[in-house]
Amino acid sequence: MTPDLDAYLARIGWTGERRPTAQVLRSVHRAHVYGIPFENLEPVLGGAPSLALTDLEAKLLRSERGGYCYEHNTLLGAALTRLGFRVTPLAGRVVLGAAPGDVRPRTHMLLKVRAEDEPTPFVADVGFGSTGALLEPIPLVADAELSDTPRHHRLVHAPHDGPLELWELQAQKDGAWEPQYEFTLEPFEAPDFEVANWHTATNPRSPFRQAVFAQRTLPGSHLALAGRTLTRTADDGIAEVRELAGPAEVVRVLADDFGVRLPEDTVLPG
């Protein structure tokens, strides 16, 4: 099934020549990050989001909602394919915040994308809910740096015992490189992400079951909600943090600040 490309481009506010070029990829990627928020409300409310394209369009394009990595990158991948890009889904292992020796499952979705005017593929990812997330796709070149202003990223090879090279996305923070996630170039298919999505949404130990996480990137600032902690980080790195009073204020802030509107009768836990 093909995506509703007109609805997608309207949702992210993008207008331009619909060609599979590197410049279009960069522009659409940034517009998506700015246009659709990150949120995990389905798991918090006891469900698992559907990854069917019609359901993703209903939620992310036609409702005031967002989603997490599987939803965002499935939708982006479908739109890019419709634009003529060659898209390969990949799976990553988040290392941001991991303790030494902590091995997490490969539960993050990202994309390898080929443009018609560039011999080198790109890594695209609009579903990593963090200030270290890519604003624009990064060329798949070891040690090359990307200035996706106001952010700064690079890809490096990480030590690995497997048969495929292990890539690590790093973001610059306070003058140092901070690892975000690792991945290989093994292609993954939709059923792989259905399994990962179900685990992420329903496993009682999954962080996404235990607290609300929402992110909204805007020109000039980044908003992050973790539980009841709201953090607004300016592009210069200065952060303002405040604690919300309770579930009712969380619902209000989600609507007013993140553009995520829930049904009026929604009751968030805690």
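Two strands pair if DSSP finds at least two bridges between them. The legends below apply this to a predicted model.

**View 1. Strand S2 and its two partners.**
S2 covers residues 86-94. S2 and strand S9 (residues 176-183) pair in the antiparallel sense, with three bridges between them. Gly92 stands opposite Phe183 in S9. S2 also pairs with S3, again in the antiparallel sense, over seven bridges. S3 runs through residues 108-114. Look for Val87, which sits opposite Val113 in S3. In a regular strand, side chains alternate between the two faces of the sheet.

**View 2. The second largest pocket.**
This pocket has a volume of about 250 Å³. Its lining is made of 13 residues. Nearest the centre lie Asn73, Thr74, Pro89, Met109 and Ala190. Which elements give two or more residues to the lining? They are helix H5 (69-83), strand S2 (86-94), strand S3 (108-114) and helix H6 (190-202). H5 gives the most, with five residues. By type, the lining residues split into eight nonpolar, four polar and one charged.

**View 3. Helix H5 from end to end.**
H5 has 15 residues, and at 1.5 Å a residue they should span 21 Å. Is H5 mostly covered or mostly uncovered? It is mostly covered, with twelve of its 15 residues buried. Among them are Cys69, Tyr70, Glu71, His72 and Asn73. Leu75, Leu76, Gly77, Ala78, Ala79, Leu80 and Leu83 are buried too. An α-helix has 3.6 residues a turn, so residues three or four places apart point the same way.

**View 4. The salt bridge of Asp6 and Arg18.**
The side chains of Asp6 and Arg18 meet in a salt bridge, at 2.9 Å from N to O. The two residues are twelve apart and link distant parts of the chain. Asp6 is in helix H1 (residues 5-12), while Arg18 is in the loop between H1 and helix H2 (22-35). Are these residues buried, exposed or partly exposed? Asp6 counts as partly exposed because its relative accessibility is 48%. Arg18 has a relative accessible area of 44%, so Arg18 is partly exposed. Both values fall between the cut-offs of 20% and 50%.

**View 5. The salt bridge of Glu42 and Arg65.**
Here the side chains of Glu42 and Arg65 form a salt bridge, 3.0 Å from N to O. Glu42 belongs to helix H3 (residues 41-44), and Arg65 to the loop between helix H4 (53-61) and H5, so the pair ties together parts that are 23 residues apart in sequence. Glu42, at 24% relative accessibility, counts as partly exposed. Arg65 is buried, with a relative accessible area of 11%.

**View 6. The salt bridge of Glu57 and Arg62.**
Arg62 forms a salt bridge with Glu57. The closest N and O atoms of this pair are 3.9 Å apart. The cut-off is 4 Å, so the pair counts. Glu57 is buried, with a relative accessible area of 5%. How many salt bridges does the model have by this rule? The count comes to 14.

Technical notes: Residues are numbered from 1 along each chain as its sequence is written. This is a predicted model: local features need pLDDT of at least 70, side-chain atom pairs count only at pLDDT 80 or more; totals for chains, interfaces and linings use all residues. Side-chain values use heavy atoms; hydrogens and water are left out. On a 1 Å grid over the protein atoms alone, a cavity is a set of points where a 1.4 Å probe fits but cannot get out, and a pocket is an open set with protein on both sides within 12 Å along at least five of seven lines; lining residues have an atom within 4 Å of a point. Grid points are joined across faces, edges and corners, and a volume is the space filled by probe spheres set on the points. Helices (H or I, at least four residues) and strands (E, at least two) are DSSP runs, numbered from the N terminus. Ala, Val, Leu, Ile, Met, Phe, Trp, Tyr, Cys and Pro count as nonpolar, Asp, Glu, Lys and Arg as charged, and the others, Gly among them, as polar. The expected span of a helix is 1.5 Å times one less than its number of residues. Buried means under 20% relative accessible area, exposed over 50%, partly exposed in between (1.4 Å probe, protein chains only).
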